[in-house]
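Have the viewer open as you read along.

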Amino acid sequence: MSTKHLVPTDKLTKRITLDSLEFKTTADLSSLNTVIGQKRAVAAINFALEIDDTGYNLFITGPYGTGRTTIVKDLINKIARKRVIPNDWAFVYNFHNVDEPIAIEFPAGQAFRLRKNYSRMITNLKDDLQKVFQSKNYTTRRNEIVQKIQNTKQEIYSALETEAFELQIKIKNTSMGFVTMPLKDGKPIESDVFIQMEKSEQDRINLNLEKIQKRIQEVVRQLTLLDRTLQDELDTLDKKVAKYVVNNHFVPLMDEFNFCPAALDYLNDAAENLVNSVSDFIEMEQAEGPETKSTELPFLVDKYKVNVVKDNAGQTGAPVIYEQNPTYNNLFGRIEKKTYQGYVYTDYTMIKPGSILNANGGYLIIDAEPLLKQNYAYSSLKRALRSRQLRLEDINELIGYSSSTSLRPAAVPLNIKVILIGTTEIFRLLHSYDEEFRKIFKVHADFDYEVKDTSDTIKKYLEFIARVVNEENLLPFDKSAVENILLFSYRKAGHQKMLSLQFGDIVRIIREASFWASKSRKKVVSAGDVRQAIETKIYRHNLVEEKLQDSIQNGIKKVNVSGSVIGQINGLAVYDIGDYSFGIPSRITVNTYIGSKGIVNIEREAKMSGRTHDKGVMILSGYFYQKFGSLMPLSFSASVTFEQSYGFVDGDSASSTELYALISSLSEIPLRQNIAVTGSINQKGEIQAIGGVNEKIEGFYKICKLKGLDGDQGVLIPKSNIPNLLLDSEILQAVQEKRFSIYAIDHIEEGIEILTGLPAGRLRKNGTFTANSVFEKVRLKLVEFAMLVQKFKHNISNHIQTDKTEEEND
């Protein structure tokens, strides 16, 4: 067998040596304090964070495990520390419209100071008002006013009594009003006596009673006016006294917060309301004595509190909030409600902030997928960012589930930068179908999953390993362990010149390697511990792989690894089961026969193949028809299938494999079964790179090992996949010992020669191919099919003509 296309052992993996670096363990290395790779993404993030303009919010994309969230938080925190501390926010009672609490903005730390000083002032004011209204001077003045009105009322009543007595009528003041009784000889006249009186006497008495009743009505009006006058004078006295006390308490607080006009307006309204309703204020204080729980008085709203919803007193720079559960209430806040004996109530003190308000003046990080899953959260977020205002609304009222009127707090101006983190698919969907999204999230930062292995990158990678070890208090890693971590990173990236940036998987192996070393009572992690971590991780996940291997070994799933068969070849497929992917060989067969359907993809006909696989079959058809259809009209049919494949098939990596089987079936030249093939093909016959090359090679090697390595087995791959080779050490040893081989080719014709041992053939001027070549045998078979078709057509024509002649003779 020619060694022309064999891949040298030194190109089958990445050779790593850190001998030139002066360190023994990661304890000698400094921890990483920068970002590995991601230059493009970091530039986009910095741009979005630094530009101060509407709509320059940020959408982060990239694979999970690339550290995108950690990197974004680190970058934002660095910038946020240099930003100005944002203002505080508080809600207060609206004395003009109780359903619309007022939002007040304060310099950082001043909202809490107002709440504390205001609360203390209100407490002192209550005490002073109680003292003033219980003082001797106030009581004396109040009694004087009351006594003056009482004296006037008594004079009016006495005059009424005198007038009535002159008319021989007695007036009695009862709870039901004035009662009049006629008199005779100074004594009340009984009803039976009145009936026996002469009519003239009765008329006189009735006339006097009528006069007195009219007079009583006038007196009642006078007394009512006097009561009103008394109440007015008492209210005036109370207001005068209260105003003096209230001003003594409020004026110093107003002077203290004269830098905040909105706070001054509220304090003026509060002071005026206190003066006008001082009796209610004192009565509420008496009702809320120490023996009374506030929950027992739900309808008494304390109007004189400050509900601080955002306090930046202890903040350093701008806030950075990461909302991991972006429900509507968690983002926008909520208006809480309480129940009392079936009555639902709320007030401005029950307004609770959400992440948006907490991040106002800074940065809010949200995972896009859970945000989009929450009803009204995403649309409300867009509305807030577009209007640059935060309106806190009751979610039940917003969606129409509540008919009761809730509070409508004043809107809070927004100055916030929102960072969404999601997948590329989510970004593309939103960017394509949501016009508002394009206007609001103008900056896109895409995280890469790999980075070139420059000397600077490797240095940073070592520092990253040291950082993980230090932060998680793991055992130090020696140089051999670090080399194996790097090798795992190369394998994860799938390229000999690229390191993986999917740090989640790297950290997992670092952590587990330390665990196995610690379990063996080692003080330092070595290469064996890293390999054990990788192997045990694979063992935990490869049950499906072992079951499939067993089915091949036991002959249930038919795969030959020796001999040669016409129209049959071993293809290679990658199974992805989540945390683990592996390769398994699969038999591909082709049958060819006379017909006109061309190449039929059985998987497609059975609707068990994807678009990419269907395209691959069409492309190989394009190559085949160009190769042979330009010489003659083709009259053949071929059926192509993956044998014993009962799942969905997709991808074009088997297109070259299927073409080999097609050519074998037509040429009747057998293909080697000890070589498995992978690689896609274009219409010019060039073999193109595929994914999962390492898994595919290792998958076929494991099957050959189970059935017995004979030294002739191997895998045929695209030459362009050589840089992706990072094979297991066992396969490297097998190749080195010539027990297994890896072939790499650029063109379909090279593969034909390897699989058949015959030249593919060159087209000659007469339209034929090189004698005894594979292509010439294909051409001859196609000519044979064409001649048979023509002969069949001729025979049919003759038969029809004979039948027609016989009919005419009859």
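## Around isoleucine 569

Beyond its neighbours within four places in sequence, isoleucine 569 is in contact with Ser586, Arg587, Ile588, Thr657, Tyr660, Ala661, Leu671, Gln673, Val677 and Leu755. This is a predicted model. Isoleucine 569 lies in strand β21, which spans residues 568-576, and has a relative accessible area of 0%, so the residue counts as buried.

For a sense of distance, pick isoleucine 416 as well: isoleucine 569 is 153 residues from it in sequence and 61 Å away in space, C-alpha to C-alpha.

## Two nonpolar cores

The largest nonpolar core has 97 residues, and the members that touch the most others are Tyr118, Ile122, Leu125, Leu129, Phe250 and Ile356. Helix α6 supplies the largest share of this core, 17 residues.

Not counting residues up to four places away in sequence, isoleucine 356 touches Leu331, Phe332, Leu364, Leu381, Leu390, Leu414 and Ile416. There is also a second, separate core of 43 residues, with Ala638, Ala654, Leu659 and Ile669 among them.

## How α6 meets α7

Helix α6 (residues 199-256) packs against helix α7 (residues 261-276) at an angle of about 160°, and their axes are 9 Å apart. With angles over 145 degrees counted as roughly antiparallel, α6 and α7 therefore fall into that class. The crossing of α6 past α7 is right-handed.

On the α6 side, the contact includes Lys239, Lys243, Val246 and Phe250, while α7 brings residues including Leu264, Leu267, Asn268 and Leu274. By class, eleven residues of this contact are nonpolar, two are polar and two are charged.

Conventions. Residues are numbered from 1 along each chain as its sequence is written. This is a predicted model: local features need pLDDT of at least 70, side-chain atom pairs count only at pLDDT 80 or more; totals for chains, interfaces and linings use all residues. Side-chain values use heavy atoms; hydrogens and water are left out. Axes are lines fitted to C-alpha atoms, for helices over the stretch in contact, and angles run from 0 to 180 degrees between N-to-C directions. Helices (H or I, at least four residues) and strands (E, at least two) are DSSP runs, numbered from the N terminus. Angles under 35 degrees count as roughly parallel, over 145 as roughly antiparallel, 65 to 115 as roughly perpendicular and the rest as oblique. A crossing is left-handed if the near helix is turned anticlockwise from the far one by less than a right angle, and right-handed if clockwise. Contact means heavy atoms within 4.5 Å. Ala, Val, Leu, Ile, Met, Phe, Trp, Tyr, Cys and Pro count as nonpolar, Asp, Glu, Lys and Arg as charged, and the others, Gly among them, as polar. A nonpolar core is a set of buried Ala, Val, Leu, Ile, Met, Phe, Trp, Tyr and Cys residues joined through side-chain atoms within 4.5 Å. Buried means under 20% relative accessible area, exposed over 50%, partly exposed in between (1.4 Å probe, protein chains only).
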